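The tour below goes stop by stop.

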Amino acid sequence: MNKAALITYLKSLLEERMMVAWNAMEAAQSSANDQGKSSMGDKYETSRSMGQLDRNMHARQYEQVRLERLVLEKIHDNEVAVRAAVGSLLETSAGWFLIAVSLGAVKIEEETVIAVSSSSPVGASLLGKGPGDQFEFMKRQHKIIALH
């Protein structure tokens, strides 16, 4: 498994999500701005408020993805730790895991890698462990084969 290629691929996924959130935020803001006064009185304010709420929701999504992207930026793809930490790529009896951001199962190079955050249950159970150590995943015990 090529860790550098994996990190690059995950960054591109997050870039796409950032772009989608940004475009949705812009569209919601534009929609809120385009609401014209009507003879129905409060309808204008309600529509404008709803548009602003949508815009804020998309802005929060954008910011969350931006912060996840920053986590990936801090990972040194050529660094291999003795114990699992943020940025570790682990080969296990349950498959490949990357401790970084929660993106779930990602297919790359004919392999599936499960990207988890260090605060997720499986991520937390992997932290500080090394080759030969056991961890629980999906209510079963698995073994860490190697760190990359």
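Start with F97, F135 and F137: ring pairs link them into a cluster. Rings of Phe, Tyr and Trp (its six-membered ring) pair if their centres lie within 6.5 Å; planes under 30 degrees apart count as stacked, over 60 as edge-to-face and the rest as tilted.

Before going on, note that this is a predicted model: local features need pLDDT of at least 70, side-chain atom pairs count only at pLDDT 80 or more, and totals for chains, interfaces and linings use all residues. Residues are numbered from 1 along each chain as its sequence is written, and side-chain values use heavy atoms, with hydrogens and water left out.

**Stop 1: the ring pairs**

The structure holds three aromatic pairs. Select F97 and F135. Their ring centres are 5.7 Å apart and their planes stand at 85°, so this pair is edge-to-face. F97 lies in strand β2 and F135 in strand β5 (residues 134–137), so the pair ties together parts 38 residues apart in sequence. Helices (H or I, at least four residues) and strands (E, at least two) are DSSP runs, numbered from the N terminus.

F137 counts as buried at 17%. F135 is buried as well. Buried means under 20% relative accessible area, exposed over 50%, partly exposed in between (1.4 Å probe, protein chains only).

**Stop 2: the cores**

Select L6, L10, L72, L98, L103 and V113. These have the most contacts inside the largest nonpolar core, which has 18 residues. A nonpolar core is a set of buried Ala, Val, Leu, Ile, Met, Phe, Trp, Tyr and Cys residues joined through side-chain atoms within 4.5 Å. Helices α1 (3–34) and α2 (42–73) and strands β2 (95–100), β3 (104–108) and β4 (111–117) each supply at least two of its residues. The largest share, five residues, comes from α1.

Zoom in on L72. Beyond its neighbours within four places in sequence, L72 is in contact (heavy atoms within 4.5 Å) with I7, L10, K11, L14, A100 and V101.

Next, select A84, F97, V116 and V122. They are among the twelve residues of a second, separate core.

**Stop 3: S120**

Finish in the loop between β4 and α3 (121–126), where S120 sits. S120 counts as buried, at 14% relative accessibility. Its side chain reaches the backbone oxygen of S117 at 2.8 Å.

Methods:
A polar contact is a pair of N or O atoms within 3.5 Å; within protein, one must be able to donate a hydrogen and the other to accept it, and residues adjacent in sequence count only if both atoms are side-chain atoms.
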